[in-house]
Amino acid sequence: MKIIIINGSHRKNGSTALILKEMVQKIKTYPNVEIQFYNVADLNLKYCVGCCKCYKNGKCIFHDDIEKLSEDIETADGIIIGSPTYAGNVSGQMKVIIDRGHFVIEQLLFGKYAISVSTYENYGGRDTAEILNRLLYYSGAVISNSLVIKTSFSSNPLSSQKTYNTVNKAADKFYKDIHDQKKYLCQKIRHFIIFRFGILPFVRKKGNEYQGVAAKWKKHGIFCP
Ligand SMILES: Cc1cc2nc3c(=O)[nH]c(=O)nc-3n(C[C@H](O)[C@H](O)[C@H](O)COP(=O)(O)O)c2cc1C
């Protein structure tokens with residue numbers, strides 16, 4: 001079982017990181033699990049310039065760290081994506097990953113299990129979670145859990161017993177969902193509607209300009225009538 005974790009905070013030992021690392025510890029108690037932990041702070045990432053070449057060629061024009069991250073996600077069974085709340089939204093670094101990671105149109109997360117983690121101090125934590133969750137289900141993921149954790153800046157959110165338990169329970173359920181390939185029927189139907197009536201006709205209309213996308217779908221085993 002391969003799991004990718006992305007910490008969308010520049011602070012490698014901040015509140016978001018502490019939650020994600022606790023999940024690593026919990027999941028590591030199970031056998032045969034490989035975990036890749038990415039900190040945005042370690043990634044060399046340019047902004048998306050909107051050239052749309054990736055839709056045609058399947059790859060970005062920039063040779064930075066995004067392709068390695070996306071390729072790693074492609075072969076994973078699950079993904080945990082965490083972000084602090086900045087001005088009622090995800091962090092800027094996380095937004096760059098969302099823009100450039102080949103998620104939605106390419107259906108990068110098709111059939112993979114996912115957890116979103118949003119941390120916040122005062123307001124907007126739910127907005128951040130919603131942005132992350134929308135990314136996940138539009139990209140084809142099955143959402144196992146979504147954690148919205150309120151915590152003071154630079155505090156350890158796990159010092160609250162309630163948060164500690166919530167985080168550990170979510171990690172436990174995540175592993176079991178993947179292991180048992182748990183079915184979430186409502187999510188499956190929602191994704192079918194988004195893909196069949198939104199993404200598929202859009203990509204078809206683009207024709208050859210989006211041939212890289214069709215190749216990705218084939219690679220991800222997506223049935224495309
Ligand atoms: C630039 C900046 C903007 C922030 N904006 C918000 C905000 O809009 N709402 C909020 O509740 N907390 C906000 N915070 C607080 C962080 O979201 C919160 O402390 C988070 O847990 C920090 O996570 P980290 O330690 O992993 O970086 C902001 C913090 C920073 C540095």
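Modeller: A definition to begin with: patches are made of residues with over 30% relative accessible area and no salt bridge, where like charges are joined within 9 Å and nonpolar side chains (Val, Leu, Ile, Met, Phe, Trp, Tyr) within 5 Å. Accessible areas come from the Shrake-Rupley method with a 1.4 Å probe, and for residues only the protein chains shown count as cover. A salt bridge is a side-chain nitrogen of Lys or Arg within 4 Å of a carboxyl oxygen of Asp or Glu. This is a predicted model, in which local features need pLDDT of at least 70 and side-chain atom pairs count only at pLDDT 80 or more, while totals for chains, interfaces and linings use all residues. Residues are numbered from 1 along each chain as its sequence is written, and side-chain values use heavy atoms, with hydrogens and water left out.

Biologist: Which residues make the nonpolar surface patch?

Modeller: Leu-185, Ile-189, Phe-192, Ile-193 and Phe-197 make it, and the patch covers about 560 Å². Phe-197 sits in helix 7, residues 185–206. Helices (H or I, at least four residues) and strands (E, at least two) are DSSP runs, numbered from the N terminus.

Biologist: Is Phe-197 buried or exposed?

Modeller: Phe-197 counts as exposed because its relative accessibility is 59%. The cut-offs are under 20% relative accessible area for buried and over 50% for exposed, with partly exposed in between (1.4 Å probe, protein chains only).

Biologist: Now the inside. Where does Ile-3 lie?

Modeller: Ile-3 is in strand 1. Ile-3 is buried, at a relative accessible area of 0%. Not counting residues up to four places away in sequence, Ile-3 touches several residues, among them Ile-27, Val-33, Ile-35, Phe-174 and Ile-178; contact means heavy atoms within 4.5 Å.

Biologist: What does helix 1 pack against?

Modeller: Its buried residues pack against strand 1 (2–7), strand 2 (34–39), strand 3 (78–84), strand 4 (113–120), strand 5 (142–150) and helix 6 (161–180). Those buried residues include Ile-19, Leu-20, Met-23, Val-24 and Ile-27. Helix 1 covers residues 15–27, and its 13 residues reach 19 Å from first C-alpha to last, close to the 18 Å expected at 1.5 Å a residue. The expected span is 1.5 Å times one less than the number of residues.

Biologist: How many residues are in helix 5, and what span should they have?

Modeller: Helix 5 (residues 125–138) has 14 residues, which should span 20 Å at 1.5 Å a residue; the end C-alpha atoms are 20 Å apart, so the two agree. Among its buried residues are Leu-132, Leu-135, Leu-136 and Tyr-137. The buried residues of helix 5 pack against strand 3, helix 4 (92–100), strand 4, strand 5 and helix 7. Gly-140 follows helix 5 and has a positive phi, near 100 degrees.

Biologist: Which residue has a positive phi although it is not a glycine?

Modeller: Asn-32 is one of them, with a phi of about 55 degrees. Asn-32 is in the loop between helix 1 and strand 2, and its 69% relative accessibility makes it exposed. Gln-181 also has a positive phi, of about 50 degrees, and lies in the loop between helix 6 and helix 7. Most residues other than glycine have a negative phi.

Biologist: Changing topic. How many salt bridges are there?

Modeller: The count comes to 11. In one of them, Lys-2 meets Asp-72 at 2.6 Å, N to O. Lys-2 lies in strand 1 and Asp-72 in helix 3 (residues 66–74), so the pair ties together parts that are 70 residues apart in sequence. Both Lys-2 and Asp-72 are buried.

Biologist: What about helix 6?

Modeller: Lys-176 forms a salt bridge with Asp-172, with the closest N and O atoms 3.2 Å apart. Both lie in helix 6, 4 residues apart, about one turn of the helix. Lys-176 is partly exposed at 39% relative accessibility, whereas Asp-172 is buried at 18%.

Biologist: Which buried residue has no salt bridge?

Modeller: Lys-216 is buried and has none; the nearest side chain of opposite charge, Glu-74, is 4.9 Å away. Lys-216 lies in helix 8, residues 211–219.

Key: Lys and Arg count as positive and Asp and Glu as negative; His and the chain ends are not counted.
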